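Student: I am new to this structure and would like to go through it with you, one question at a time. Could we begin once it is on display?

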Amino acid sequence: MGLLRIMMPPKLQLLAVVAFAVAMLFLENQIQKLEESRSKLERAIARHEVREIEQRHTMDGPRQDAALDEEEDMVIIYNRVPKTASTSFTNIAYDLCAKNKYHVLHINTTKNNPVMSLQDQVRFVKNITSWKEMKPGFYHGHVSYLDFAKFGVKKKPIYINVIRDPIERLVSYYYFLRFGDDYRPGLRRRKQGDKKTFDECVAEGGSDCAPEKLWLQIPFFCGHSSECWNVGSRWAMDQAKYNLVNEYFLVGVTEELEDFIMLLEAALPRFFRGATELYRTVGKKSHLRKTTEKKLPTKQTIAKLQQSDIWKMENEFYEFALEQFQFIRAHAVREKDGDLYILAQNFFYEKIYPKSN
């Protein structure tokens, strides 16, 4: 083959190279078309499934009570931050939904844009609050926090989330864009073919590993205000902290995911009954999604990133979330022989008046 290439006239060699390049472009175009067709098919299937559920509810007849009871009217929103074990946790919800009798819905935004248009915000709030056929419901997607009270909603959904050490999250995302993971190994990723390590990227000042890329967990908790997405905004971090404490039911950390699941099962058994045992027996192996070809950064790389004000703010927010989570856990569990156990109810009522006859 090498001999034939040497003997080929230069013009033929050039034509062969051009033909190969055209063929590759054609193949990439066909792959892109297949991906678009697959996406359209998935949306069509999803719409069909929704129609089937709505028809089934209609055939079953009207509900006995006009108003759903509290548990049946419950909606949870998990506005998942990318690369924080979000797929691993969501799979627990999917595994339990049939047994615990609730619906799971993925919020699929165009190009994973976490900021919705104003009109989409209105549609989303209306769907969440009035879609009775999907209650109780567990919604998940890469969407920043949305304040339902702004839209006149009296009963707001329950927000939960998980966050991760900011540098570890960025490293995982960097390699995920290049090599994917073991969840869908055949899927072509946006940066596929780029073999540059994270250390090399930081040393060269690359854009994919720049400190600005750390700015993600704060805006996800801050919300849809423009200042939330202003990289390095102190106001955005303060607002994210406020929302975490006042608007989120529970925020866990990737590094202590099992404890997060245990607390959710204790507090919200309607959705998470059986989640802890499922995670302990099956989840740790089958649910954990591992990024392929990930190489841990060196101490020098970490030190360089930690010099940036953006890292300092994202890390401050992470440490704040971790402190809140550990505080909640300390008042909900007790340790015995190296294992954690949920505390039983620790209050009761007495001195009840007036006395009944």
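Student: Are Cys-201 and Cys-209 buried or exposed?
Tutor: This is a predicted model, and in it a disulfide joins Cys-201 to Cys-209, with a distance from S to S of 2.2 Å. As for their accessibility, both Cys-201 and Cys-209 are buried.

Student: Which hand does the disulfide of Cys-201 and Cys-209 have?
Tutor: The hand follows from the torsion about the S-S bond of Cys-201 and Cys-209, which is about -100°. Because the torsion has that value, the disulfide is left-handed.

Student: How many disulfides does the structure hold?
Tutor: Besides the bond between Cys-201 and Cys-209, a disulfide joins Cys-222 to Cys-228, with 2.0 Å from S to S. Cys-222 and Cys-228 are buried, and the torsion about their S-S bond is about -65°, so this disulfide is left-handed. When bonded cysteines are counted along the chain, the pattern is 1-2, 3-4, and the number of disulfides in the structure is two.

Student: Why does Cys-97 count as buried?
Tutor: A residue is called buried when its relative accessible area is under 20%. Cys-97 counts as buried because its relative accessibility is 18%.

Student: How many residues of helix 9 are buried?
Tutor: Helix 9 covers residues 257-267, which makes 11 residues, and among the buried ones are Leu-257, Phe-260, Ile-261 and Leu-264. Glu-258 and Asp-259 of helix 9 are buried too. Helix 9 is largely enclosed by the rest of the structure, because the number of its residues that are buried is eight.

Student: At what angle do helix 8 and helix 13 pack?
Tutor: Helix 8 spans residues 234-246 and helix 13 spans residues 309-330, and their axes lie 11 Å apart. Helix 8 is therefore roughly parallel to helix 13, given that angles under 35 degrees count as roughly parallel. The contact involves residues including Met-237 and Leu-244 of helix 8 and Phe-317 and Phe-320 of helix 13. The crossing of the two helices is right-handed, and the angle at which they pack is about 15°.

Student: Over which residues does pLDDT stay under 50 with 20 contacts beyond four places in sequence?
Tutor: For the chain, the mean pLDDT is 86, and 83% of the residues reach 70 or more. Over residues 1-5 the pLDDT is below 50, and that stretch has one contact beyond near neighbours in sequence. Where pLDDT is low, the predicted coordinates should not be read in detail. The stretch you ask about, with pLDDT under 50 and 20 such contacts in the model, is residues 182-189.

Conventions:
Residues are numbered from 1 along each chain as its sequence is written. This is a predicted model: local features need pLDDT of at least 70, side-chain atom pairs count only at pLDDT 80 or more; totals for chains, interfaces and linings use all residues. Side-chain values use heavy atoms; hydrogens and water are left out. A disulfide is a pair of cysteine sulfur atoms within 2.5 Å. Buried means under 20% relative accessible area, exposed over 50%, partly exposed in between (1.4 Å probe, protein chains only). pLDDT is the predictor's confidence in each residue, from 0 to 100. Contact means heavy atoms within 4.5 Å. Helices (H or I, at least four residues) and strands (E, at least two) are DSSP runs, numbered from the N terminus. Axes are lines fitted to C-alpha atoms, for helices over the stretch in contact, and angles run from 0 to 180 degrees between N-to-C directions. Angles under 35 degrees count as roughly parallel, over 145 as roughly antiparallel, 65 to 115 as roughly perpendicular and the rest as oblique. A crossing is left-handed if the near helix is turned anticlockwise from the far one by less than a right angle, and right-handed if clockwise.
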